[in-house]
Amino acid sequence: MENERAQWGSKLGFILAAAGSAVGLGNIWKFPGRAFEGGGGCFLLIYLLIVIFLGAPMMLTELSVGRASQANIVGVFHKLGHRNFSWVGWIGVIGAFIITCYYAHVGGWVLRYVVGYATESSSIYSDSLGYFYNMLGLHGDGTTSIPWVAILFAAIFMAMNAIIIIRGVESGIEKFNKIGMPALFILLLILLVRSVTLDGAAEGLQYMVSLDWSKVNFSTFLAALGQAFYSLSIGMAIMITYGSYLPKTENIAKNTVLICAMDTMVAFLAGFIIVPAVFATLGESEIGKGGGFAFVSLAKVFDQMPGGTFFGVLFYLLLLFAALTSCISLVESIVAFLTEHFLWERTRTTIIVCVIMFLIGCLYTCTQAAVPLKGIWFDAANGVTYPAFCDFMEYLTDRIMIPVCALGCCIFVGWVWKPESAIEEIEQCGVRFGLAKVYAILIKYVAPVAILAILIMSFAAGMTLS
Ligand code: PHE
């Protein structure tokens with residue numbers, strides 16, 4: 001069985017694929033909005049601490065569990081002899097499933113913007129907010145309609161995923177990441193310069209570096225935790241799947257640091273590009289949904305730079321690829337689980353699962369504006385509330401499933417499989433793991449207590465649902 005599992009084509013291949021999974025829409029579409037809602041500077045600080053003390057040890061844990069067991073998310077717990085922890089894997093797969101439903105749709109919006117900038121950039125420049133809402137089925141005169149165009153593009157995006165997964169992940173992704181990632185990074189640096197020098201951007205920049213603790217509560221911590229794990233692709237056992245394809249010679253501790261650093265850098269860059277641009281474009285009072293930031297506010301940046309339309313197309317194209325590499329990691333781990341656990345055939349499974357996820361995702365796009373379907377939420381302070389269904393999908397994964405799956409993983413490794421086993425696996429590459437003691441304390445005590453406390457306190461003290 002072990003021999004049949006795929007392995008990464010090259011050393012660099014894995015880092016790039018894992019970084020490709022981590023860097024995606026989460027960094028550019030979600031992070032700036034969350035940072036804004038969380039009060040700017042304070043959120044950045046909390047986020048950074050969470051990445052260092054919880055995110056990195058969690059990633060290392062998932063990679064070592066995956067490589068030690070060479071199995072899929074649920075199989076891992078069977079293989080290591082602890083079937084009673086399978087629920088952790090199940091939450092991971094279901095979480096990945098729900099995320100993919102909406103991820104592919106936002107990927108579709110990005111594709112829409114590639115085409116939009118290429119063919120009708122002037123309409124984006126003249127009314128960037130209207131253009132975005134219009135895509136989601138909310139028109140200038142207040143009427144709504146089913147957003148067929150967005151849905152069509154989401155279908156194309158999902159089909160691209162399915163095709164790549166069916167044809168084999170490795171070579172294509174590895175190749176893209178080698179060029180695409182550095183290109184994205186350089187482009188972000190260029191955009192940063194343009195954005196922070198826009199008229200009115202200084203206020204936004206100020207917002208991102210000032211510490212205003214009055215906006216921070218427990219739910220900010222939960223939002224930062226969920227966002228950090230989401231962005232690093234952990235708490236959904238993706239890294240378990242990716243680790244399982246990894247040769248023993250690979251130094252996973254070093255890789256973890258690299259991936260976390262890269263991912264966080266891209267997120268911060270995006271935050272410092274987009275939030276100042278939001279201030280310059282919309283002004284604080286008019287800012288609607290954080291989710292639209294990456295689409296709406298950048299129009300001004302592109303409009304006011306030489307060759308802006310070209311950079312616009314390039315930016316959304318790179319974002320599209322970044323989204324694809326992330327989405328592929330999600331679909332891949334779902335498919336790996338289904339084909340290994342139920343012994344289903346790979347191609348057919350991929351197609352069926354992708355179609356189902358696309359259809360459920362239509363609810364996400366439609367409930368942005370056109371359809372008033374609600375989800376349901378509960379916290380002790382606010383009681384039962386009914387957020388829009390699209391937000392509900394994100395809360396469910398970011399604020400419950402990801403933290404709970406991560407909690408399960410660290411309890412499993414900290415107390416059942418034991419940090420010593422993880423450390424032994426980490427040292428398989430022949431290099432001593434200098435931070436072994438710190439790691440053991442973090443995974444055994446700090447991470448589970450912190451995650452549990454943040455979860456409980458934010459449900460008890462009330463959520464800020466925006
Ligand atoms: N980390 C990805 C992003 O930031 C999203 C993702 C989440 C991918 C979970 C895989 C697993 O966009």
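The axes of α5 (residues 86–126) and α6 (residues 128–135) come within 10 Å and cross at roughly 140 degrees, which makes α5 oblique to α6. This is a predicted model, where local features need pLDDT of at least 70 and side-chain atom pairs count only at pLDDT 80 or more, while totals for chains, interfaces and linings use all residues. Residues are numbered from 1 along each chain as its sequence is written, and side-chain values use heavy atoms, with hydrogens and water left out.

**Helix packing**

- Helix α3 (residues 41–69) packs against helix α17 (residues 389–417) at an angle of about 65 degrees, and their axes are 10 Å apart. Helices here are DSSP runs of H or I with at least four residues, numbered from the N terminus; axes are lines fitted to C-alpha atoms over the stretch in contact, with angles from 0 to 180 degrees between N-to-C directions.
- That angle makes α3 and α17 roughly perpendicular to each other (65 to 115 degrees; under 35 is roughly parallel, over 145 roughly antiparallel, and the rest oblique).
- The α3 and α17 crossing is left-handed.

**Salt bridges around Arg 34**

- Across the whole structure, a search finds eight salt bridges (a side-chain nitrogen of Lys or Arg within 4 Å of a carboxyl oxygen of Asp or Glu).
- One of them joins Glu 37 to Arg 34, with the closest N and O atoms 3.6 Å apart. Both residues belong to helix α2 (residues 25–37), where they are three residues apart, about one turn of the helix.
- Glu 37 is partly exposed at a relative accessible area of 33%, whereas Arg 34 is buried at 15% (buried is under 20%, exposed over 50%, partly exposed in between, with a 1.4 Å probe and protein chains only).
- Arg 34 also forms a salt bridge with Glu 394, where the closest N and O atoms are 3.2 Å apart. Glu 394 sits in α17 and Arg 34 in α2, so this pair ties together parts that are 360 residues apart in sequence. Glu 394 is buried, as is Arg 34.

- Glu 425 and Lys 248 meet through their side chains in a salt bridge of 3.1 Å, N to O. Because Glu 425 lies in helix α18 (residues 419–426) and Lys 248 in the loop between α11 (238–244) and α12 (252–281), the pair ties together parts 177 residues apart in sequence.
- Glu 425 counts as buried at 6% relative accessibility, while Lys 248 counts as partly exposed at 33%.
- Salt bridges with shared partners join Lys 30, Arg 34, Glu 37, Glu 394 and Asp 398 into one network.

**Loop residues with positive phi**

- Gln 70, a residue other than glycine, has a positive phi near 50 degrees. You will find Gln 70 in the loop between α3 and α4 (75–79), buried at a relative accessible area of 14%.
- Lys 418 is likewise not a glycine, and its phi is positive, near 80 degrees. Lys 418 is placed in the loop between α17 and α18 and is partly exposed at 34%.

**Nonpolar surface patch**

- Leu 45, Leu 48, Leu 49, Ile 52, Phe 53, Leu 211 and Trp 213 make a nonpolar surface patch of about 660 Å². Patch residues have over 30% relative accessible area and no salt bridge; nonpolar side chains (Val, Leu, Ile, Met, Phe, Trp, Tyr) are joined within 5 Å, like charges within 9 Å. Areas come from the Shrake-Rupley method with a 1.4 Å probe, and for residues only the protein chains shown count as cover.
- Trp 213 lies in the loop between α9 (201–209) and α10 (218–231) and is partly exposed at 44%.

Conventions. Helix = DSSP H or I, 4+ residues; strand = E, 2+ residues; numbered from the N terminus. Left-handed = near helix turned anticlockwise from the far one by under 90°.
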